[in-house]
Amino acid sequence: MNLEELDREYVLGSYARNYTNFVRGEGARLYDEDGNEYIDFAAGIAVNSVGHAHPRLSRAICEQASKIIHVSNLQLIEPQAKLAARIVETSGYDMRCFFANSGAEANEAALKIARKYGEKSFERKRYKVITLKHSFHGRTITTVKATGQASMHKDDFSPYPDGFTYVESVDAVYEAIDDETVAVMIELVQGEGGVQPFERDEIKELCNFLKSRELLLIVDEVQTGVYRTGEFLASQLYEIEPDIITLAKGLGGGVPIGVAMTRLKDIFEPGDHGSTFGGNYLSTTAALSVMDILQREQESGALAERIEYFSSYLERVSLSMPEYFDSAVGLGLMRGLRAKSAEIQSAVVKKAFDERLIILKAGRNTVRFLPPLTIDREEMDEGFKRFEKALSTL
Ligand SMILES: *Cc1c(COP(=O)(O)O)cnc(C)c1O
């Protein structure tokens, strides 16, 4: 059997998979088995934050793997402690971290923190979490139920856990709060929902309101976190102080890791929560290296320049092609073009791939761009050139 046949025969069919065999990458470039070069404007899905085969990240992983990969969370793990300190210091928030292996798991931890807070802090238990209709919070039975999109709650997988209320907009949160509500969970820029940022003022107002009621704000920064919006956390950009923040995608540069961080520093006691793999030597060493690389990119101003260059290009495309696109949306290097229709969205992504440019879909009609945060000018220009070629063949 060839590779595609092997995959089709032995891997469960949960993905509409593309069968190009990538064998190597460098920066924002990927190479398939025939040596064809692709420009990667997707970075996995916002995962390869420092691009492919970044020499510092590769070296850190190799050196760590040759010493020790794993012991268990019953032992001290040096890079885990250092990463927790690094994340908290960089965030500017007074918090502690729990380490998991994915975004869904980070959100599970956040929901457990909220539930325990709801049990301990009020006369009558509060456990309901309000989320938004176009949100995305993960694929486990609980986080898929936390995800507001009704199409995600297929009967095939029912029954789902109780305790989630969905609202159409931030404005609608206030009315949805009842005497069992403990938290609101929100992405500051909805990723899978269509690269949709919320207004800073409405989020600030929500944050203040929840604080005044002693209810929690959980910010799902699985996609927006780790410099994707230009700041380490989108929460910093929005100038808010959430109670719980979750991270995952870009943090390990491709090595699986998730974090739930909270200002409820004493919420968990031994036995309350755990993870076999979460925060082991390999993933936390990788994340420390990613933090080093990206902090420097931000402090030097290089990241801000890239964001400006990338976003103004997309703005121009959107304005010059009103027959295909309504607007350019997004923040930082989390960007989208709102297509006129789902057909145009699909055609653009497909034609781009034919030109060897990798971009993504989001929501019903958004073409999504999530390039590595280290992408250089030449890689951007080459990608844009291919994008224009793809558009010219629509
Ligand atoms: C991707 C994503 C998740 C799920 O992360 P996994 O690592 O796939 O479990 C959760 N929330 C948001 C906002 C995401 O973008």
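D326 is partly exposed, with a relative accessible area of 47%. The model behind this value is predicted. D326 pairs with K340 in a salt bridge, and their closest N and O atoms are 2.6 Å apart. The pair links distant parts of the chain: D326 sits in strand 13 (residues 325-331), K340 in the loop between strand 14 (334-339) and helix 12 (342-354), 14 residues apart. K340 is partly exposed too, at 44% relative accessibility.

**Salt bridges**

The whole structure holds 27 salt bridges.

| Pair | N to O distance |
|---|---|
| K340 and D326 | 2.6 Å |
| K350 and D354 | 3.5 Å |
| K116 and E269 | 3.7 Å |

The K116 and E269 side chains meet at 3.7 Å, N to O. K116 is buried, because its relative accessible area is 17% and the cut-off for buried is under 20%.

K350 counts as exposed at 54% relative accessibility. D354 is partly exposed at 46%.

Salt bridges also join into a network. Its members are R29, E37, E382, K385 and R386.

**The ligand site**

Which residues surround the ligand? The shell consists of S102, G103, A104, N107, F136, H137, G138, E187, D220, V222, Q223 and K249. By class, three of these residues are nonpolar, six are polar and three are charged. Helix 5 (residues 103-120) gives the largest share of the shell, three residues.

A polar backbone atom of G103 is 2.8 Å from a ligand oxygen. A ligand nitrogen is 3.2 Å from a polar backbone atom of F136. The side chain of Q223 places an N or O atom 2.8 Å from an oxygen of the ligand. On its own, the ligand has 390 Å² of accessible area, and the protein covers 82% of that.

**Surface patch**

M1, L3, L6, Y10 and V11 make a nonpolar surface patch of about 550 Å². One of these residues, Y10, lies in helix 1 (residues 3-10). Y10 is exposed, with a relative accessible area of 61%.

**Backbone exceptions**

Most residues other than glycine have a negative phi, and most peptide bonds are trans. The model has exceptions of both kinds.

Where is the cis peptide bond? It joins S158 and P159, with omega about 0°. P159 is found in the loop between helix 6 (141-146) and strand 6 (164-167).

A46 is not a glycine, yet its phi is positive, about 65°. A46 is placed in helix 2 (residues 43-46). Is A46 buried or exposed? At 3% relative accessibility, A46 counts as buried.

R356 also has a positive phi of about 65° without being a glycine. R356 is located in the loop between helix 12 and strand 15 (357-358). R356 is partly exposed, at a relative accessible area of 33%.

Methods. Residues are numbered from 1 along each chain as its sequence is written. This is a predicted model: local features need pLDDT of at least 70, side-chain atom pairs count only at pLDDT 80 or more; totals for chains, interfaces and linings use all residues. Side-chain values use heavy atoms; hydrogens and water are left out. A residue is near a molecule or strand if one of its heavy atoms lies within 4 Å of it. A polar contact is a pair of N or O atoms within 3.5 Å; within protein, one must be able to donate a hydrogen and the other to accept it, and residues adjacent in sequence count only if both atoms are side-chain atoms. Accessible areas come from the Shrake-Rupley method with a 1.4 Å probe; for residues, only the protein chains shown count as cover. Helices (H or I, at least four residues) and strands (E, at least two) are DSSP runs, numbered from the N terminus. Ala, Val, Leu, Ile, Met, Phe, Trp, Tyr, Cys and Pro count as nonpolar, Asp, Glu, Lys and Arg as charged, and the others, Gly among them, as polar. Patches are made of residues with over 30% relative accessible area and no salt bridge: like charges are joined within 9 Å, nonpolar side chains (Val, Leu, Ile, Met, Phe, Trp, Tyr) within 5 Å. A salt bridge is a side-chain nitrogen of Lys or Arg within 4 Å of a carboxyl oxygen of Asp or Glu. Buried means under 20% relative accessible area, exposed over 50%, partly exposed in between (1.4 Å probe, protein chains only).
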